There are 2 protein chains.
Amino acid sequence: MIINKSSPVPQYFQLQTWLMEQIEQGILKHGVQIPTEKELGELTGLARATIRQAVGNLVNKGYLIRKRRLGTFVQDRQNETEKRTIIGILIPDIRSGYAPELARGTEDEAAKHQHSLILCNTDDLYMKAEHHADRLIKAAVSGVILIPTSHSYEKNRLIIEMFTKKDIPVVLADRTIPEIEIDHVTTNNFDGAYELTSYLIQRGHRKIAIILSERISTEKERLKGYRAALGDHDIPSDSSIVISDAGPFDQEHYQELIRGLLGHRGDFTAVFAGHDRIALIVYSIAHEMGLTIPDDFSLVGYDDLPYVSIKLTTMHQPIYEMGQESLKLIMSRIQGDGVASREIVLKAHLVERSSVRNNEMNL
Amino acid sequence: MIINKSSPVPQYFQLQTWLMEQIEQGILKHGVQIPTEKELGELTGLARATIRQAVGNLVNKGYLIRKRRLGTFVQDRQNETEKRTIIGILIPDIRSGYAPELARGTEDEAAKHQHSLILCNTDDLYMKAEHHADRLIKAAVSGVILIPTSHSYEKNRLIIEMFTKKDIPVVLADRTIPEIEIDHVTTNNFDGAYELTSYLIQRGHRKIAIILSERISTEKERLKGYRAALGDHDIPSDSSIVISDAGPFDQEHYQELIRGLLGHRGDFTAVFAGHDRIALIVYSIAHEMGLTIPDDFSLVGYDDLPYVSIKLTTMHQPIYEMGQESLKLIMSRIQGDGVASREIVLKAHLVERSSVRNNEMNL
DNA sequence: TGAATATTTTTGTATAGACAAATAGACATT
DNA sequence: AATGTCTATTTGTCTATACAAAAATATTCA
């Protein structure tokens with residue numbers, strides 16, 4: 001190693017750069033002693049003060065550590081990675097649906113890995129999501145769990161790119177985005193809806209109404225499962241009792257749709273609500289109209305939300321586990337897994353309560 | 001300023017300390033030029049290299065900034081505060097009760113102030129709380145919102161001290177801790193319970209059962225309000241229908257207690273549930289036993305939890321606002337408000353639904 | 001053998017002096 | 001008025017030297 005005395009770059013800086021390269025290229029590894037100041041003096045022909053300046057700067061930056069009488073040693077710069085122990089979660093609203101359960105599963109798993117969780121509510125708005133993404137990047141999160149919004153796939157992609165540009169791994173939870181290679185965790189929505197629909201059919205229901213929003217990937221799958229089950233049982237689909245474009249969840253809008261549906265009750269004997277919150281609205285509207293469940297019609301939901309006080313037969317989704325698995329994927333990416341994007345599909349299972357009437361004898 | 005040449009503490013360190021004190025005591029303010037190296041040399045009698053070492057260290061630490069030809073200036077250490085834009089929230093369980101609403105209010109307000117929110121679930125366990133506190137401190141949060149656990153005031157204090165030792169402001173939300181000077185936000189639990197009890201009395205109820213846990217500060221206040229209302233209406237308290245030591249919320253335990261209470265139904269015409277989750281259990285146990293509300297007995301709750309599908313008359317607590325106000329208190333502390341500890345009391349209001357029967361004619 | 005002591009090495013602290021580089025501000029030039 | 005040049009000042013870089021302090025190692029002594 002030669003110091004260029006005529007270079008405009010300071011000699012201490014030349015030495016400092018040289019040492020840093022050695023460390024970063026792994027030539028000088030953690031714990032290894034670098035030459036003593038005297039030796040460096042002989043090597044470079046520089047005065048000890050100059051050498052001290054170079055080494056001192058690297059000590060300040062955390063690359064080296066000096067030990068009196070023993071020498072100067074290479075330090076593992078674990079500080080940086082140690083500081084970055086935060087994961088972000090972008091969720092539409094922590095108050096709604098399964099969000100608390102998901103957040104809890106994620107946080108518990110994060111805690112196991114000594115990580116913290118930053119909670120961001122997007123309200124399905126691009127502006128808010130962007131704003132949060134910006135701050136998450138500034139906070140140097142080491143990974144992000146995203147529940148894609150139902151509004152625009154394009155916008156979701158933009159958000160994802162904000163992170164991937166900075167090499168921050170992203171995992172999608174529950175919902176997916178088409179045509180994008182990214183780790184994601186879902187449940188078997190098709191199979192679940194198939195099972196749930198078959199359950200209704202087995203209990204003698206042939207006129208099964210359904211209400212959900214096709215625009216959301218999970219509900220789209222459920223609609224497919226519903227149709228497949230009907231088809232396999234040779235039941236023709238009746239489009240008048242299929243509301244598949246209900247749009248993103250909006251209390252009032254759904255109330256209206258459901259009032260409309262319950263208006264011509266002769267057309268169905270059971271209602272498949274796209275998820276439990278829809279089922280709750282169906283229940284309350286039915287109550288309003290003086291109808292009782294399952295006597296006047298049967299009702300099933302999807303999710304198995306906690307703290308639901310009605311006896312709703314529904315598909316239990318392993319939301320807590322979804323949070324856990326999402327975080328595990330993030331952790332494996334953080335630890336440098338370079339494998340292709342992975343998909344984890346968890347299994348939902350039917351929870352039988354008492355919102356479905358057995359109509360078999362009526363057949 | 002005199003350097004003690006015979007002191008065992010290095011002279012550069014003496015100078016460095018002196019300069020730092022000047023800055024931290026505000027004698028040398030942001031932007032002010034400190035004496036030039038030459039002047040410091042004359043002042044202290046030290047060699048320039050020694051002075052450079054002292055000043056250099058402070059430059060490294062970010063206290064000073066050197067400008068060639070111009071001199072050395074005091075730097076506002078805003079980097080740190082700029083990076084620290086994270087608030088922690090310690091909550092028993094994000095899934096339960098009003099936690100999501102509180103988290104949402106907090107997060108929205110934090111976003112307004114360009115801050116992020118780290119969510120920590122403690123499960124009311126000291127071990128978990130300590131663990132989270134540790135990591136929040138390492139993550140350099142600039143403030144913490146704590147929902148005290150019901151288990152032990154001592155333990156809560158320990159957690160608070162972990163933060164205050166590091167000058168991290170703490171705000172208590174909802175529940176309070178006695179004998180501790182700290183910012184907190186609550187609702188008027190006494191007045192609310194008084195109003196709610198009076199409401200029942202006005203509707204002809206004189207035998208009002210209550211179930212809650214006195215160990216939780218909020219519920220203790222509610223019990224007092226309940227008793228005050230009874231007293232003011234000259235209704236003697238019947239201890240056989242007062243369950244005030246139900247302990248921290250535990251689904252199964254409460255189910256048992258409520259089954260016991262509903263066993264001797266002649267003793268009361270209304271039940272005051274300490275909070276909505278208790279009310280939901282009362283409702284479902286009543287349902288199990290074939291009782292209907294409000295026909296067989298009346299029921300009121302406290303909280304006004306969202307997504308409750310029964311028509312429960314209850315006190316609406318401004319939980320979202322509580323989250324907002326808590327965060328505002330934190331922000332004012334961050335901005336250096338040194339005032340004495342503050343208490344914000346928000347107002348709850350009665351939400352009349354249909355779980356209370358008007359018994360007035362029966363009197 | 002084991003404890004006390006001395007030696008040696010390496011970083012830590014400190015001095016004195018020199019020239020380089022940047023630049024605000026004064027001054028000169030176009 | 002705009003631009004270029006000079007100057008003084010301050011920090012930036014660098015050398016050479018000296019003694020201090022810590023600590024591993026060798027040596028001495030009881």
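The lining of the largest cavity is made up of 13 nonpolar, two polar and six charged residues. The model behind this report is predicted.

**The cavity**

A search of the whole structure turns up three cavities of 30 Å³ or more. The largest cavity holds about 340 Å³ of space. Its lining counts 21 residues; closest to the centre are A:Arg95, A:Pro306, A:Tyr307, B:Pro306 and B:Tyr307.

**B:Pro100**

Helix α5 of chain B contains B:Pro100. Is this residue buried or exposed? B:Pro100 has a relative accessible area of 7%. Buried means under 20%, so B:Pro100 counts as buried. Setting aside neighbours within four places in sequence, B:Pro100 is in contact with A:Ile94, A:Arg95, A:Pro100 and B:Ile94. One of these partners, A:Arg95, is also among the residues closest to the centre of the largest cavity. B:His287 lies 187 residues from B:Pro100 along the chain. Their C-alpha atoms are separated by 28 Å.

**How the chains are related**

Two copies of a chain are related by a rotation about an axis and a shift along it.

Through which surface do the copies meet? Of the interface residues of chain B, 100% are also interface residues in chain A, so the copies meet through the same surface.

**Helix α8 of chain B**

Helix α8 of chain B covers residues 189–202. At 1.5 Å a residue, its 14 residues should span 20 Å. The end C-alpha atoms are 20 Å apart, which agrees.

The buried residues of α8(B) are B:Asn189, B:Gly192, B:Ala193, B:Leu196, B:Thr197, B:Ser198, B:Tyr199, B:Leu200 and B:Ile201. An α-helix has 3.6 residues a turn, so residues three or four places apart point the same way. Just after α8(B) comes B:Gly204, with a positive phi of about 90°.

Technical notes:
Residues numbered from 1 in each chain as written. Chains lettered and ligands numbered in written order. Predicted model: local features only at pLDDT ≥ 70, side-chain atom pairs only at ≥ 80, totals over all residues. Heavy atoms only, no water. Contact = heavy atoms within 4.5 Å. Helix = DSSP H or I, 4+ residues; strand = E, 2+ residues; numbered from the N terminus. Expected span 1.5 Å × (residues − 1). Buried < 20%, exposed > 50% of the residue type's maximum accessible area, 1.4 Å probe, protein only. 1 Å grid on protein atoms, 1.4 Å probe; cavity = no way out; pocket = protein on both sides within 12 Å on 5 of 7 lines; lining within 4 Å. Points joined across faces, edges and corners; volume = space filled by probe spheres on them. Nonpolar A, V, L, I, M, F, W, Y, C, P; charged D, E, K, R; others polar.
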